[in-house]
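Dear colleague,

Please find below the structure I am handing over to you. My notes on it follow directly after.

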Amino acid sequence: MVNDSIKIGVIGLGYVGLPLAVEFGKKYDVIGFDIDTTRIHELKQGYDNTQEVKKKDILNSSRLRFAGEDKMLSDCSCYIVTVPTPVDEFKKPDLNPLIAATKLLGVHLQSQDVVIYESTVYPGAVEE
């Protein structure tokens, strides 16, 4: 895979995903995807309500595009999943966001694509 042909999809634009998308967007084509359409709208304006990333950094990430529709991910060759994995009162992780993101990606994956899970899960969770 030639560096110029890499298009990265970051799924989940919270406190982990947004800074990753912004930094990668300085050098690579990046689609920052989130299911929260209000968040997408705000990020397109350069506003991060979590205050993890400054407006100037978002706006200066020239190769970053934000999307609320997963069809924008279809041209990506590398995916980074950064969705939350909350735990209940018994410290059991809720894997539903991770499962939903994985199903969403399954539609777009092609041979040789790379998927990276940057979510807090227990060892073996992805294989299960």
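Please bear in mind that the model is a predicted one. The phi angle of Lys91 is near 65 degrees, which is a positive value in a residue other than glycine. Lys91 has a relative accessible area of 70%; because the cut-off for exposed is over 50%, Lys91 counts as exposed.

A second residue other than glycine with a positive phi is Gln112, at near 80 degrees. Gln112 is found in the loop between helix 4 and strand 5 (114-117). With a relative accessibility of 66%, Gln112 is likewise classed as exposed.

I turn next to strand 2 (residues 29-33). Four of its five residues are buried, so strand 2 is largely enclosed by the rest of the structure. Strand 2 runs parallel to strand 1 (residues 7-11), and five bridges join the two. Within this pairing, Val30 of strand 2 is the bridge partner of Ile8. Between strand 1 and strand 2 the chain passes through helix 1 (residues 17-24), and this β-α-β crossover is right-handed.

Strand 2 also pairs with strand 3 (residues 64-67), again in the parallel sense, over four bridges. Here the bridge partner of Val30 is Leu64 in strand 3.

With kind regards

Methods:
Residues numbered from 1 in each chain as written. Predicted model: local features only at pLDDT ≥ 70, side-chain atom pairs only at ≥ 80, totals over all residues. Heavy atoms only, no water. Buried < 20%, exposed > 50% of the residue type's maximum accessible area, 1.4 Å probe, protein only. Pairing = 2+ DSSP bridges. Right-handed = clockwise from strand over helix to strand, strands pointing away.
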